[in-house]
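Student: Please take one close look at the salt bridges here, and go through the pairs together with the accessibility of their partners.

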Amino acid sequence: MINPKILVTGATGRTGGAVVTELLAKGWPVRAAVRVRDARSDLLQRRGADVVVTDIFDPGQLMDAMHGVQRAYYCPPYHPFVIQSAAAFAAAARETGLEQIIGLSQWLAGPNHPALMSRQLWLIDRMFAALPNIAHTVIIPGLFADSPYLEMMPFAAHLGVFPLPVAGESRDAPPSVADIARVAVAALLDPASHAGKSYRPTGPKLLTVTEIVAIIGRVVGHKVRQVRTPLWMFYKAAKAGNEPILLSGLRHWFQDLDRGAFAVGAPNDTVRELTGKDAEDFETIARRHAALPESRQSFGARLAAFAEFMAVPILPGFDPVAYDRAQEQPVPPMPHLALDDADWRASHGPRGLSGGARSVEGTTCVIAQETVGKVLAGSTVPRR
């Protein structure tokens with residue numbers, strides 16, 4: 001039997017690249033949709049992927065990319081018009097007779113969240129779910145271990161500091177990109193078993209930011225201390241290489257982290273249940289990042305990290321409020337962070353935290369032992 005070809009969007013990105021790697025390792029044919037030809041896409045082609053340059057906002061190009069494909073992994077771009085990308089993808093899927101879509105979404109996604117990206121992801125999930133005769137599965141991770149946490153590894157390795165604008169007591173069970181991809185691939189290889197379901201992969205242990213910093217210190221071999229960076233300063237460092245809509249959402253997602261939204265339903269057994277293997281622990285992921293060239297101990301790498309750190313105060317800043325206003329973004333009448341939203345609590349709350357599956361607005365949410373009540377009562381993390 002010949003395995004059907006699978007389309008992967010964002011194939012040179014974090015999760016898209018990991019999905020391509022996992023599929024190729026299992027012997028499945030892959031069509032990798034990329035924005036441009038570059039060294040990363042050339043590497044995918046050498047490894048056996050069918051690489052196509054595709055404008056993910058253009059229905060015609062997406063239909064071309066879906067020709068001869070039965071299943072697809074949709075990775076939404078960080079873009080203020082991401083909803084158009086998803087609508088174009090949905091239209092192309094209908095026209096070409098796609099049988100399955102695995103969509104990457106977000107644990108915080110909801111119609112009333114103050115972050116535009118979170119609201120649009122909620123809409124995308126429901127748009128894909130409404131497509132007739134197309135199996136749809138949603139992957140809803142929280143913050144990745146690889147980003148934002150381990151993007152700070154060079155500063156920790158060379159300067160002994162971990163700059164992040166959240167409280168040390170904030171808790172999370174961040175999954176690796178590799179585990180997110182393995183969950184997505186498990187669903188791609190068995191559409192019937194996973195249709196209409198939503199999965200939240202997590203790491204194996206709930207950790208405070210203080211514990212995360214201690215693990216990073218153990219990995220790099222010296223003490224690392226968290227520097228609770230002011231958000232305006234964090235934006236200066238993060239502005240280069242990040243899309244403005246991502247930066248705009250970060251201020252809300254960090255508040256959700258401090259409030260305890262990522263501690264709800266974490267950790268769980270999703271990775272093991274879908275893949276047959278335990279989720280990677282944070283130290284394993286951290287050691288992988290510590291081995292990257294920019295984090296290896298050398299005079300040149302330390303000097304580069306020091307120069308980058310010292311340059312941050314003089315870098316141009318980013319004003320998320322001004323950005324949102326300039327984009328003329330739609331705003332819900334009463335925006336709410338996750339734990340302040342009754343609908344979010346109802347769909348992510350105690351009745352669904354038995355470790356099994358439950359129906360949530362036409363999907364099935366798989367989450368594990370933690371209670372929203374404890375978070376709201378302040379027994380898990382302090383309120384700001």
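Tutor: Arg-272 is partly exposed, with a relative accessible area of 40%, and Asp-269, at 36%, is partly exposed too (buried means under 20% relative accessible area, exposed over 50%, and partly exposed in between, with a 1.4 Å probe and protein chains only). The model is a predicted one, in which local features need pLDDT of at least 70 and side-chain atom pairs count only at pLDDT 80 or more, while totals for chains, interfaces and linings use all residues. Residues are numbered from 1 along each chain as its sequence is written, and side-chain values use heavy atoms, with hydrogens and water left out.

Arg-272 and Asp-269 meet through their side chains in a salt bridge of 3.0 Å, N to O, the term standing for a side-chain nitrogen of Lys or Arg within 4 Å of a carboxyl oxygen of Asp or Glu. By this rule the count is 16 salt bridges.

Another of them joins Asp-340 to Arg-259, at 3.0 Å from N to O. Because Asp-340 sits in the loop between α15 (320–326) and α16 (342–348) and Arg-259 in helix α11 (residues 244–259), the pair ties together parts that are 81 residues apart in sequence; helices (H or I, at least four residues) and strands (E, at least two) are DSSP runs, numbered from the N terminus. Asp-340 is partly exposed at 36% relative accessibility, whereas Arg-259 is buried at 13%.

Asp-50 and Arg-31 also form a salt bridge, their closest N and O atoms lying 2.9 Å apart. This pair links distant parts of the chain, with Asp-50 in strand β3 (residues 50–53) and Arg-31 in strand β2 (residues 30–34), 19 residues apart. Here Asp-50 is partly exposed at 27%, whereas Arg-31 is buried at 11%, and a network of salt bridges links Lys-5, Arg-31 and Asp-50.
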